[in-house]
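User: I have a structure open and would like to go through parts of it with you. Can we take it piece by piece?

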Amino acid sequence: MTNNQPLAPLWTQWREQVDQRLEILLPASDCEPCELHQAMRYASIGAGKRYRAALVYASGRALGTDERALDIPACALELIHAFSLIHDDLPAMDDDDLRRGKPSCHRAFNEATAILAGDALQTLAFEALCTYSATGLPPARQLQMVQILAHAAGSLGLAGGQAIDLDLVACDAPVDTLATMHRKKTGALIEAAVQLGALTATGDPVVLQQLAGYARPLGLAFQVVDDILDGTADTATLGKLAGADRLKGKPTFLSALGESASRHYAQALGDEAIAALEHAPFNSTLLIALVRFTIERSH
Ligand code: GRG
């Protein structure tokens, strides 16, 4: 996390807050049905960068929200993300054995349990978001948060992006097609994270629009770097099988553009995200630091 001094200690704290809150939100491992709850906890607690949570905290903080009011929206994002990773790894999808440095959920448990764990993590995300209370948060804005997250996870977001992805094997997809797919598959949740953080503080459409202009290129930049890392980093660093995209014949930004042009593309998207924050009526230091992390990250 070089050059991200304001971000690093906060991010460590955010990670701890998310894990503490997930510990409480998720039924205990010895609560029946035990195997299902163990699988849910296995796939969601104590691992992952918590990038989407960090975006919730950074955008909420930028607008002055009390940190504690951001824990549940941050957890909701991470629960949906964990759900998508479990299902992404299933034999019917990407069929991956390793995730976050340990056996993927269906490998550690079994396929049926992994499917149910994913399903239950998704519903828990919405239950948590509906039932939490934060001072000064009007019900209409809370409802808007639920709607945004549901839309991001649905057929016009994650699920739709995954459907496009499954069709794109062993072909040379143009960059535009890749961008369209990844804006849904990866970008939708990143955009939702920034919006949910902001909505804890304000419903001002101008502010939300400005943040959307930040999150849109950022989400794509995150995926471009993900593609680069898949082809250049090792399995131990990534916590998942390195080179998996090439092995499976998946078109990526790396295969379409090469490493150097992909890095330039990611940088240009990062610049676009930062430019969207120009003249922002709030302190955007952390949001800008997150752009730098997104471009420079090594895992
Ligand atoms: C979620 C409604 C819903 C359906 C599931 C399987 C699926 C449909 C979608 C797959 C979405 C997916 C896995 C996108 C990949 C996004 C991505 C780059 C993941 C890696 O994120 P990191 O690096 O992972 O933040 P960590 O482990 O650090 O959290």
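User: Which helix is Ser84 in?

Analyst: Ser84 belongs to helix H4. Keep in mind that this is a predicted model.

User: Is Ser84 buried, partly exposed or exposed?

Analyst: Ser84 is partly exposed, because its relative accessibility is 22% and buried means under 20%.

User: How far is Ser84 from Leu121 in space?

Analyst: Their C-alpha atoms are 9.5 Å apart, while in sequence Ser84 and Leu121 are 37 residues apart.

User: And Asp89, where is that?

Analyst: Asp89 is also a residue of helix H4. Asp89 is buried, at 1% relative accessibility.

User: What does Asp89 touch?

Analyst: Leaving out residues up to four places away in sequence, Asp89 touches Asp95, Asp96, Arg99, Ser104 and His106.

User: Asp96 is on that list. Which residue does Asp96 form a salt bridge with?

Analyst: The partner of Asp96 is Lys248, and their closest N and O atoms are 2.7 Å apart. Lys248 sits in the loop between helix H12 (244–247) and helix H13 (253–257), and Asp96 in the loop between H4 and strand E1 (98–99), so the pair ties together parts that are 152 residues apart in sequence.

User: Are those two buried or partly exposed?

Analyst: One of each. Asp96 counts as buried at 12% relative accessibility, and Lys248 counts as partly exposed at 27%.

User: Why do such side chains pair up at all?

Analyst: Opposite charges can pair when the charged atoms of the side chains come close.

User: How many salt bridges are there in the whole structure?

Analyst: A search of the whole structure gives 16 salt bridges.

User: What does Arg50 pair with?

Analyst: Arg50 meets Glu78 in a salt bridge, side chain to side chain, at 3.4 Å from N to O. Arg50 is in the loop between helix H2 (34–44) and helix H3 (51–62), and Glu78 is in helix H4 (residues 71–89), so this pair ties together parts that are 28 residues apart in sequence.

User: Buried or exposed, that pair?

Analyst: Both are buried: Arg50 has a relative accessible area of 3%, and Glu78 has one of 1%.

User: What about Glu259, where is it and what does it pair with?

Analyst: The side chain of Glu259 meets that of Arg263 in a salt bridge of 3.0 Å, N to O. Both residues lie in helix H14 (residues 259–275), and they are four residues apart, about one turn of the helix. Glu259 counts as partly exposed at 37% relative accessibility, and Arg263 is partly exposed with a relative accessible area of 39%.

User: Which residues are linked in a network of salt bridges?

Analyst: A network of salt bridges links Asp94, Asp165, Lys185 and Lys250. Of these, Asp165 is one of the buried residues in helix H8 (residues 158–167), together with Leu158, Gly160, Gly161 and Gln162.

User: What covers the buried part of H8?

Analyst: The cover over the buried residues of H8 includes H4, helix H7 (139–153) and helix H9 (175–199).

User: Change of topic. Which residues are closest to the ligand?

Analyst: The closest are Lys49, Arg52, His81, Arg100 and Ala153, and 18 residues surround the ligand in total.

User: How far are the side chains from the oxygen atoms of the ligand?

Analyst: For Lys49, a side-chain N or O atom is 2.5 Å from an oxygen atom of the ligand. A polar side-chain atom of His81 is 2.8 Å from an oxygen atom of the ligand, and the figure for a polar side-chain atom of Arg100 is also 2.8 Å. Of the 760 Å² of accessible area that the ligand has on its own, the protein covers 91%.

User: Now helix H1. How many residues does it have, and which are buried?

Analyst: Helix H1 (residues 8–25) has 18 residues and reaches 26 Å from its first C-alpha to its last, close to the 26 Å expected at 1.5 Å a residue. Its buried residues are Leu10, Trp11, Trp14, Gln17, Val18, Asp19 and Leu22. H2, H3, H4 and helix H15 (285–296) are among what covers them.

User: Last one: where is Phe109, and what is it in contact with?

Analyst: Phe109 is in the loop between helix H5 (105–108) and helix H6 (111–131). Apart from neighbours within four places in sequence, Phe109 is in contact with Glu35, Gln38, Ala39 and Tyr42. Phe109 and Glu35 are 74 residues apart along the chain, and their C-alpha atoms are separated by 7.9 Å.

Notes: Residues are numbered from 1 along each chain as its sequence is written. This is a predicted model: local features need pLDDT of at least 70, side-chain atom pairs count only at pLDDT 80 or more; totals for chains, interfaces and linings use all residues. Side-chain values use heavy atoms; hydrogens and water are left out. A salt bridge is a side-chain nitrogen of Lys or Arg within 4 Å of a carboxyl oxygen of Asp or Glu. Helices (H or I, at least four residues) and strands (E, at least two) are DSSP runs, numbered from the N terminus. Buried means under 20% relative accessible area, exposed over 50%, partly exposed in between (1.4 Å probe, protein chains only). The expected span of a helix is 1.5 Å times one less than its number of residues. Contact means heavy atoms within 4.5 Å. A residue is near a molecule or strand if one of its heavy atoms lies within 4 Å of it. A polar contact is a pair of N or O atoms within 3.5 Å; within protein, one must be able to donate a hydrogen and the other to accept it, and residues adjacent in sequence count only if both atoms are side-chain atoms. Accessible areas come from the Shrake-Rupley method with a 1.4 Å probe; for residues, only the protein chains shown count as cover.
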